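Visitor: I have not seen this structure before. Please show it to me, and then let me ask how to read it.

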Amino acid sequence: MIRVAIVGAAGRMGRMLVTGVMLDPELALSGALEYSGCPLLGQDAGVVAGQSAAGVRITDKIEDFIANTDAVIDFSSQASTMELAPRLAAAGVNIAIGTTGLTDGDKAALRSLTAAGAKIVQAPNMSIGVNLLFALCAKVAPLLGEDYDIEVVEMHHNKKKDAPSGTAERLGEILAKARGLDYGHDTRHGRVGMVGARSKGEIGMHALRGGDVVGDHTVIFAAEGERVELTHKASSRETFAKGALRAVKFLATAKAGLYDMQDVLGLKDF
Ligand SMILES: NC(=O)C1=CN([C@@H]2O[C@H](COP(=O)(O)OP(=O)(O)OC[C@H]3O[C@@H](n4cnc5c(N)ncnc54)[C@H](OP(=O)(O)O)[C@@H]3O)[C@@H](O)[C@H]2O)C=CC1
Ligand SMILES: O=C(O)C1=N[C@H](C(=O)O)C[C@H](O)C1
């Protein structure tokens, strides 16, 4: 039995994760963390998630569960994730991070924790479909070549805080690498005004927000006379939660290291 605590337990993903852990016979819910001002502190995490009582109260102190926890799943905020990770790693707790908006510096800090023995999965999207899309893009972009202009379009619900989505950024990084471009330098985030004709050496990135959209991502390869579009649409957050539970099980037997969902799902050699 793997004892799992959820960070951001009262959030959209947190409630889904609490439910997933409670329903999985290989996992046991050991803790539920929220920020200090959260009005749901002290409530049963299972009840908050719409399930039966889990016997785990939402707390703002990791000391309430860290000694009885094997792994933490963290879908909260960049600041929270980066504050907690060193404390969890020091206690020998495995970490599956779904939080987006992490900087390159944050990722370097996570890598240094793993160099000191931590086991971490960090992935901007834990669904099988999106991770397959990552692998497909890495194959398709060089095959189509630079006659095909690349644009990435994502759409999310109107509560999402970061833009573009972590998934769109990862797609941009994969596509830039496949084209010999630099993601940071060669990406055009939306276009406005007299920007001139599109250059070959750019990747367009567009973030749409509205309603309750769970998460849509489309990569467009557009050439003279045709275009290819690869699309993933998530219709339920359950798909991300299932991936996070797989990540926790993967970490239970993994060596120290910083992994992504390509490792968890065995897509590295796809
Ligand atoms: N990797 C993946 O597959 C996926 C990643 N995500 C990412 O996960 C994150 C959360 O998404 P979502 O659930 O929709 O967002 P929510 O805002 O619904 O949930 C985040 C929760 O974390 C809480 N939180 C904030 N700070 C802390 C803290 N210091 N300690 C504990 N809890 C804290 C938030 O409280 P408050 O509301 O008060 O800020 C909130 O309850 C985002 O970064 C999102 O992009 C989302 C879906 C899939
Ligand atoms: O905030 C969300 O909702 C989502 N965030 C992730 C991202 O930023 O890529 C993954 C998913 O698309 C949902």
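Visitor: Among contacts in the protein chain between residues at least 6 apart in sequence, what percentage join residues at least 24 apart?

Guide: Two residues are in contact if their C-beta atoms, placed from the backbone, lie within 7 Å. Here, 71% of those contacts join residues at least 24 apart. This is a predicted model: local features need pLDDT of at least 70, side-chain atom pairs count only at pLDDT 80 or more, and totals for chains, interfaces and linings use all residues. Residues are numbered from 1 along each chain as its sequence is written, while chains are lettered from A and ligands numbered from 1 in the order in which they are written.

Visitor: What radius of gyration does the protein chain have?

Guide: The radius is taken over C-alpha atoms, and the globule rule is 2.2 Å times the number of residues to the power 0.38. For 270 residues, a compact globule would come near 18 Å; the protein chain has 19 Å, which agrees. Its C-alpha trace spans about 60 × 40 × 30 Å along the principal axes.

Visitor: How many helices and strands are in the protein chain?

Guide: Helices (H or I, at least four residues) and strands (E, at least two) are DSSP runs, numbered from the N terminus. The protein chain has nine helices and 12 strands.

Visitor: Which residues of α6 are buried?

Guide: Buried means 20 or more other C-beta atoms within 10 Å of the residue's own (exposed: 12 or fewer; partly exposed: in between), with C-beta atoms placed from the backbone. In α6 they are T167, A168, E169, R170, L171, G172, L175, A176 and R179. Their cover includes α5 (128–144), β7 (149–156) and β10 (215–223).

Visitor: Which domains does the assignment give?

Guide: Domain bounds come from an automatic or database domain assignment. It gives domain 1 (2–122 + 237–264) and domain 2 (128–234). Seven residues of domain 1 are in contact with eight residues of domain 2. On the domain 1 side, α8 (238–253) and α9 (261–264) each supply at least two residues.

Visitor: Which residues surround ligand 2?

Guide: A residue is near a molecule if its C-beta atom, placed from the backbone, lies within 6 Å of it. Around ligand 2 are T100, P124, N125, H156, K160, S165, G166, T167 and G215.
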